[in-house]
Amino acid sequence: MRTILLGPPGAGKGTQAQVLAQRAGVPQVATGDILRRAREEGTDLGRRAQSYMDRGELVPDEVMIGIIEQRLQEADAREGFVLDGFPRTVPQAEALGELLLGLGMPLDAVLALDVPEEVIVRRLAGRRTCPGCGRSYHVESDPPPADGRCQNCGRELVTRPDDRAETVRERLGVYRRQTEPLKEYYQARGLLRQVDGLGTVEEVTERLQSALGR
Ligand code: AMP
């Protein structure tokens, strides 16, 4: 399975990408997680990405394309992948297209999660994220363990700095201007499947699986 999960921040891309990837036995490739890890490790990439991320802006295309070129050529991606958070711009989608063509690994489908904006703002305000493994929780719909630590890896959960209301508005604007045009881009290539992102995690997973024809 080679697929992209597209959607605004807070649409549930990360949660669903994790489930779909696990079921298919392929890696979830989440560029936001890659950048957050680089920040934690204090690498050059992490330092470069930090100011963009904190402002809710996109990290420059050439940086992101370099990351994805490297990641998709690792051995575990040969059987497939679920891309989460990439591509986010038309130039990124074009670069991905060329890369996959060169590797002889065409995409099966692009899954776009539809979620109304007011739901997104509520979801992001209640999100708690594990800085270790990237698992996210929600104070109402998927409450974190009582000790505030991740049930997968035991790290203390945090509110992502870019989940603050001000930055969320900026990220939604960036999504509408720069990422939403990708729906048309993939529609024109016959790859787009739009999926209702409202409901329980399980309900949305089932819709995504059936959109994939599985
Ligand atoms: P996410 O975890 O996917 O919401 O990503 C968090 C932040 O990382 C974004 O707001 C961007 O600053 C940066 N980022 C992640 N993926 C990309 C990408 N494909 N292109 C540009 N910036 C990205």
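A charge sits over a ring if NZ of Lys or CZ of Arg is within 6 Å of the ring centre and within 35 degrees of the ring normal. I kept this definition at hand while going through the structure, which is a predicted model.

**Entry: charges over rings.** I looked up Arg135 and found that it lies over the face of Tyr137, at 4.1 Å from the ring centre. I then turned to Tyr52, where the charged end of Arg55 sits over the ring, 5.6 Å from its centre.

**Entry: an aromatic pair.** I noted that the structure holds one aromatic pair.

**Entry: the ligand.** I listed 16 residues around the ligand, of which Thr31, Arg36, Glu57, Gly85 and Gln92 come nearest. Sorting the shell by type, I got six nonpolar, four polar and six charged residues, and helix α2 (residues 31–41) gives the most to this shell, with four residues. I followed the side chain of Thr31 to an N or O atom that is 2.8 Å from a nitrogen atom of the ligand. For Arg88, a polar side-chain atom lies 3.0 Å from a ligand nitrogen atom, while for Arg160 such an atom lies 3.2 Å from an oxygen atom of the ligand. The protein covers 96% of the 480 Å² of accessible area that the ligand has on its own.

**Entry: a cis bond.** I recorded that the peptide bond from Phe86 to Pro87 is cis, with omega near 0°, and I placed Pro87 in the loop between β3 (81–84) and α5 (90–103).

Terms used:
Residues numbered from 1 in each chain as written. Predicted model: local features only at pLDDT ≥ 70, side-chain atom pairs only at ≥ 80, totals over all residues. Heavy atoms only, no water. Near = heavy atom within 4 Å. Polar contact = N/O pair within 3.5 Å; in protein donor to acceptor, adjacent residues only side chain to side chain. Areas by Shrake-Rupley, 256 points an atom, 1.4 Å probe, with all protein chains shown as cover. Helix = DSSP H or I, 4+ residues; strand = E, 2+ residues; numbered from the N terminus. Nonpolar A, V, L, I, M, F, W, Y, C, P; charged D, E, K, R; others polar. Phe/Tyr/Trp six-rings, centres within 6.5 Å; stacked < 30°, edge-to-face > 60°.
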